[in-house]
Amino acid sequence: MKIEIRIDPDCTEPRAIILTAAVTREVEAAVNALRQSGPGLLAGLRDGRVELLEPDSLLRIWAEGGRVYAAAGQGVYTLRQRLYEVEQTLDPTRFVRISHGEIINLRRVEHFDLNLAGSICVRLADGTVTWVSRRYVPRIRAMLKL
């Protein structure tokens, strides 16, 4: 991807223009990075307190029973955002959706276990085991270049 920066003293607000022949994953990642406002922190609720969660500390984010939860090194937090909203704020090169209701932090994956049946088991740094749903297996295989 080529990047060009033009300095214009008359410009009052930064503006980004992306010229492309087609919308690719690289273009989508660039757009998402530009749209992010702020450091990408999440507000998590635990024990009646709101705590700011650094994306680096997150292991996984999942939806269950109409609520969204985030597991971090400090414990499990409830989030007030929907899963797709959380996904939009996270870095797509570090976080990946593995099912309709779960996102994992790739930097906190201990290993992927590829099953002969074609499923993928994911073991996270804290020992949590989760599975990639069939719908997302091709995406994960492509990401791992398998």
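Predicted model: local features only at pLDDT ≥ 70, side-chain atom pairs only at ≥ 80, totals over all residues.
Me: Which residues lie nearest the centre of the largest pocket?
Reply: The lining of the largest pocket comprises 21 residues. Those that lie nearest its centre are Glu4, Ile5, Arg15, Ala16 and Ile17.

Me: Is Ile5 buried or exposed?
Reply: Ile5 sits in the segment before helix H1 (25–35), where helices (H or I, at least four residues) and strands (E, at least two) are DSSP runs numbered from the N terminus. Buried means under 20% relative accessible area, exposed over 50%, and partly exposed in between (1.4 Å probe, protein chains only). Because its relative accessibility is 71%, Ile5 counts as exposed.

Me: What pattern does the protein follow along the sequence?
Reply: The secondary structure comes to three helices and ten strands, in a protein of 146 residues of which 31% are buried. Read along the sequence, these elements give the pattern α-β-β-β-β-β-α-β-β-β-β-β-α.

Me: How far apart are the C-alpha atoms of Met1 and Leu106?
Reply: Met1 belongs to the segment before H1 and, with a relative accessible area of 60%, is exposed. Although Met1 and Leu106 are 105 residues apart along the chain, the separation of their C-alpha atoms is 24 Å.

Me: Which residue has a positive phi although it is not a glycine?
Reply: The residue is found in the loop between strand S1 (42–46) and strand S2 (49–53), and at 73% relative accessibility it counts as exposed. Its phi is about 55 degrees, and the residue is Asp47.

Me: How many residues apart in sequence are the parts that Arg94 and Asp56 tie together?
Reply: The side chains of Arg94 and Asp56 form a salt bridge at 2.1 Å, N to O, the term standing for a side-chain nitrogen of Lys or Arg within 4 Å of a carboxyl oxygen of Asp or Glu. Arg94 lies in the loop between helix H2 (83–89) and strand S6 (95–99), and Asp56 in the loop between S2 and strand S3 (58–64), so the parts they tie together are apart in sequence by 38 residues.

Me: Which residue meets Arg60 in a salt bridge?
Reply: Arg60 lies in strand S3 and its partner in strand S7 (residues 102–105), so the pair ties together parts that are 42 residues apart in sequence. Both residues of the pair are buried. The salt bridge spans 2.7 Å, N to O, and the residue that meets Arg60 is Glu102.

Me: Which residues are linked in a network of salt bridges?
Reply: The structure holds six salt bridges. The residues linked in a network are Arg46, Arg49 and Glu51.

Notes
Residues numbered from 1 in each chain as written. Heavy atoms only, no water. 1 Å grid on protein atoms, 1.4 Å probe; cavity = no way out; pocket = protein on both sides within 12 Å on 5 of 7 lines; lining within 4 Å.
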